[in-house]
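Here is a short briefing on a protein chain. Look at the sequence and the structure first, then work through the points below.

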Amino acid sequence: MSGTPPPAVPAAPVPILPYSRIVGQGDLKLALELNFISPRIGGVLITGQRGTAKSTVVRAFALMSGGELPVTLPINATDDRVVGGWELDSLMQGVAKPQPGLLEEADRKGMLYIDEVNLLDDHLVNIILDVVSTGVLSIQREGIDTAKHLSFGLVGTMNPEEGSLRAQLLDRFGLMVTTSELDLDDRHRMITTVLTFEEELAAEDSAWLRAAQDENDALRSALLAARQRLGEVRLDESVSRLCAEAAERMGAVGQRGDLLVAKTARALAARDGAQQVDPAHVRRILPLALRHRRPESAHGAAFTWGPDEDDHVSALFD
């Protein structure tokens, strides 16, 4: 009897609930879709308690939009693993062969996902955010001197119970979403949906799964079409001033918030099929673009946005 081990069996793909069947979390889904339509927004930061489906929604979105799970950055990642370095086996043989890092893999797959981004070394977060904002990965270290053009969607998640990000890093994320607990009706729908999904996975030919895939495909086509027409969406001077006034009224630190309000409102208009940005687009995205840029948020306060914040800007939209 041969002692040769049997060939490895490829692991079955991890079952992820289809994005079109995710229950609730409307703000989170909106932020991911707008960042896809306009990558220059600069990424989405998701904060919320454990068990609020942060990772599930991100992975489902990646599968819907790009057909693959996102590249996931481990908390203990080194500089070489992130930006690339030399292939170790080749170096041991005296041959210098570059080894691409996770950022280049994210460029190929379309998304980089950082779970517990608040636990990652600040300098690595800085590197990643620089690449997202400039579209260029510049490496000058250990005999490597290259510059590569990269483009990918960035999504980070964090549990506020485990600490926050420094204010400078918070501000670099384009949008921020706070996941919410589901109400009773949505909790019930979530249970039904997940149990149905698990049952349909075992079916030989599931009409439910086919329908969910068709819905995913239709949404991806719509998002790609919105991305194509983004540059044609007009933002009149009166609306751009409204973006600035809203940021000023909320006490947004610096000017990045003003620009993000305008960019995100334009992406929403493109998603809606509108030819120009109107005040309703601006008001809808204010919590996404400004909740982490208020002075109290920069000092570690809760990233809330409720009736008090709405009242603060309501006069601008009357």
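Two residues are in contact when heavy atoms of theirs lie within 4.5 Å. Leaving aside its neighbours within four places in sequence, Ala289 is in contact with Gly174, Leu175, Leu260 and Val261. This is a predicted model: local features need pLDDT of at least 70, side-chain atom pairs count only at pLDDT 80 or more, and totals for chains, interfaces and linings use all residues. Residues are numbered from 1 along each chain as its sequence is written, and side-chain values use heavy atoms, with hydrogens and water left out.

**The whole chain**

- The chain has 14 helices and nine strands. Both are DSSP runs numbered from the N terminus: helices are H or I with at least four residues, strands are E with at least two.
- Of the 318 residues in the chain, 43% are buried. Buried means under 20% relative accessible area, exposed means over 50%, and partly exposed lies in between (1.4 Å probe, protein chains only).
- Take the contacts in the chain with a separation of 6 or more: 75% of them join residues 24 or more positions apart.
- The accessible surface of the chain comes to about 16,600 Å². Carbon and sulfur atoms hold 52% of that surface. Such areas come from the Shrake-Rupley method with a 1.4 Å probe; for residues, only the protein chains shown count as cover.

**Ala289**

- Ala289 sits in helix 12 (residues 279-290).
- Why does Ala289 count as buried? Its relative accessibility is 0%.
- Ala289 and Ala247 are 42 residues apart in sequence. In space, their C-alpha atoms are 9.1 Å apart.

**Aromatic rings**

- A pair of aromatic rings is described by the distance of the centres and the angle of the planes.
- Rings of Phe, Tyr and Trp (its six-membered ring) pair if their centres lie within 6.5 Å. Planes under 30 degrees apart count as stacked, over 60 as edge-to-face, and the rest as tilted.
- How many aromatic pairs are there by this rule? The count is three.
- Phe36 and Phe61 form an edge-to-face pair, with 6.2 Å centre to centre and 80 degrees between the planes. This pair links distant parts of the chain: Phe36 is in helix 1 (residues 26-37) and Phe61 in helix 2 (residues 54-66), 25 residues apart. Both Phe36 and Phe61 are buried.
- The Phe197 and Trp208 pair is tilted, because the ring centres are 6.3 Å apart and the planes are at 40 degrees. Phe197 lies in helix 8 (residues 184-201) and Trp208 in helix 9 (residues 207-229), eleven residues apart. Phe197 is buried, with a relative accessible area of 7%.
- Ring pairs also link Tyr19, Phe36 and Phe61 into a cluster.

**Charges over rings**

- A charge sits over a ring if NZ of Lys or CZ of Arg is within 6 Å of the ring centre and within 35 degrees of the ring normal.
- Arg21 lies over the face of Trp208, at 4.6 Å from the ring centre.
- Arg227 lies over the face of Phe36, at 4.2 Å from the ring centre.

**Asn216**

- Asn216 is in helix 9. Is Asn216 buried or exposed? Asn216 is buried, with a relative accessible area of 6%.
- Leaving aside neighbours within four places in sequence, Asn216 is in contact with Pro18, Tyr19, Ser20 and Met64.
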